[in-house]
Amino acid sequence: MADMLELGWEEWLALPKLGLPAIKAKVDTGARTSALHAEVIETFGKPESPQVRFLIQPDPERPKLEIVCTAPVVDRRDVTSSNGQTELRYVIAAEMQIGRERRTIEITLTNRETMSYRMLLGRSAFGEKTVVSPDKSFVQPRLSYDLYDTIKPRRPASRPLRIALLTREPDNYSSRRLLDSARSRGHIIEPINTSRCYMKIEAKAPEVHYDGKTLPSYDAVIPRIGASMTSYGMAVLRQFEGTGAWCLNPPASIGASRDKLLAHQLLSQAGIAMPVTAFANSPKDTKDLVGLVGSGPVVLKLLESTQGRGVVLAETKKAAESLVDAFRGLDANFLVQEFVKEAAGADVRCLVIGGRVVAAMKRQAQEGEFRSNLHRGGQATAITLSPGEKKIAVAAAKRLGLNLAGVDILQSKAGPVVLEVNSSPGLEGIEAATDKDVAGTVVRLIEQRVRTLSRKR
Ligand code: ADP
Ligand code: MG
């Protein structure tokens with residue numbers, strides 16, 4: 001039994017190559033792989049030998065004690081934790097010292113901030129010559145977090161962020177403003193044409209290619225994905241997310257906001273008021289469908305409409321039914337919605353950034369038109385929102401998971417109702433109407449949310 005390693009249910013160990021002289025680990029025979037607490041994971045290195053840098057607070061009692069570790073990536077895989085959640089994790093190889101035993105083990109990186117042990121030692125680390133005695137603790141020599149006091153803390157130097165602006169229109173107003181604002185704050189920002197990105201889909205080192213080259217790892221991506229590019233744009237964005245970039249608007253949120261039907265379902269589930277809306281798939285239900293939204297005039301909308309292009313008003317029930325039949329004949333996907341007459345051709349655009357309304361404007365449709373889109377000749381003026389309007393705009397952006405959203409509201413008799421949520425809101429109209437620095441606010445949000453290892457927050 002001389003070379004047997006006996007472990008209790010908790011043990012001290014060291015990960016010398018990671019610069020961690022002492023870590024208290026929970027020994028878990030129920031888990032296969034070992035896991036280590038890691039925050040702010042950044043990848044670097046050559047595609048054929050990728051590495052990660054991450055931050056760890058080894059002592060749960062001393063969150064200010066932060067160590068930056070570097071390790072080679074050996075894999076990236078889905079790991080299901082004890083609470084049933086599956087997460088795509090980096091797997092590193094690291095040398096572990098426990099008592100007199102030294103061995104190289106595989107460790108997955110995950111945020112264990114809320115756990116009492118920074119490390120979980122799983123079966124794959126035990127090897128054959130290990131026996132676990134679950135009724136004992138600290139069978140191996142105890143270490144101490146005091147060992148960290150002898151390590152010189154590395155002073156983080158500030159560095160500019162590297163940002164990608166995903167757009168097919170780098171010269172339009174919104175793009176120019178975002179590019180200028182980021183550059184004026186000292187960051188590196190590059191416009192990337194979404195449609196020209198191509199990808200290598202590989203777990204360990206996902207890559208985005210462009211113009212014959214591999215794109216570098218960006219800290220953040222600002223997606224400005226046009227309606228015609230939604231599906232491919234989301235794929236490109238997911239790929240950037242895979243390379244470790246923080247996406248201002250996550251791909252799934254963009255997808256949900258683009259799908260009027262899905263967005264309606266999500267918002268109504270969250271208790272957000274909207275005009276009564278109906279949708280059906282079969283032409284047999286036309287009459288009933290129109291009846292569902294009331295007896296007054298209704299609005300029909302193509303599900304993929306933008307800029308008011310696919311939105312029509314039917315004054316009577318008869319007109320509505322024939323319009324529904326006509327849309328069906330064209331095989332179009334659409335919804336039927338109660339017409340909010342009292343809005344009187346006006347809607348309110350609220351620009352929500354990071355959970356706050358930073359600018360709002362009222363758009364009034366041209367004479368004889370009910371659609372207030374600026375592209376349809378609507379006129380914009382700045383407006384001060386009521387608390388109820390603010391609340392509903394923030395709630396809508398939050399439900400869809402958008403950090404940048406243009407939330408459109410109609411002022412109905414019963415209070416504000418959300419019409420739609422736009423994930424790539426234009427900046428020109430709103431900056432002109434309100435005189436607010438929307439682009440600058442976006443860049444400041446990115447600075448707050450993106451944590452880099454060489455940059456103090
Ligand atoms: P799009 O995505 O094409 O902009 P919207 O749903 O935003 O489609 O509709 C365009 C415009 O039509 C709105 O900005 C609003 O002025 C008007 N509108 C849309 N739905 C209604 C409705 N149910 N009641 C009154 N006006 C509406
Ligand atoms: Mg609209």
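Between which domains does ligand 1 lie? Before answering, let's get our bearings in this predicted model. The protein chain is split into four stretches: domain 1 covers 5–150, domain 2 covers 162–248, domain 3 covers 280–335 and domain 4 covers 343–445. To give a sense of scale, the C-alpha centres of domain 2 and domain 3 are 37 Å apart.

Now for the ligand. Residues in its shell come from both domain 3 (280–335) and domain 4 (343–445), so ligand 1 lies between these two domains.

Take a look at the place where the ligand is found. Ligand 1 sits in the largest cavity. Of the 21 residues around ligand 1, the ones that come nearest are Lys260, Lys301, Ser305, Gly308 and Glu420.

Next, zoom in on some individual contacts. Glu420 has an N or O atom in its side chain 2.7 Å from an oxygen atom of ligand 1. Another oxygen contact involves Ser372, where a polar side-chain atom lies 2.8 Å from an oxygen atom of the ligand. With Glu338 the backbone takes part: one of its polar backbone atoms is 2.8 Å from a nitrogen atom of ligand 1. How much of the ligand's accessible area does the protein cover? On its own, ligand 1 has 550 Å² of accessible area, and the protein covers 98% of that.

Methods:
Residues numbered from 1 in each chain as written. Chains lettered and ligands numbered in written order. Predicted model: local features only at pLDDT ≥ 70, side-chain atom pairs only at ≥ 80, totals over all residues. Heavy atoms only, no water. Near = heavy atom within 4 Å. Polar contact = N/O pair within 3.5 Å; in protein donor to acceptor, adjacent residues only side chain to side chain. Areas by Shrake-Rupley, 256 points an atom, 1.4 Å probe, with all protein chains shown as cover. 1 Å grid on protein atoms, 1.4 Å probe; cavity = no way out; pocket = protein on both sides within 12 Å on 5 of 7 lines; lining within 4 Å. Sits in = over half its atoms within 2 Å of the grid points. Domains from an automatic or database assignment.
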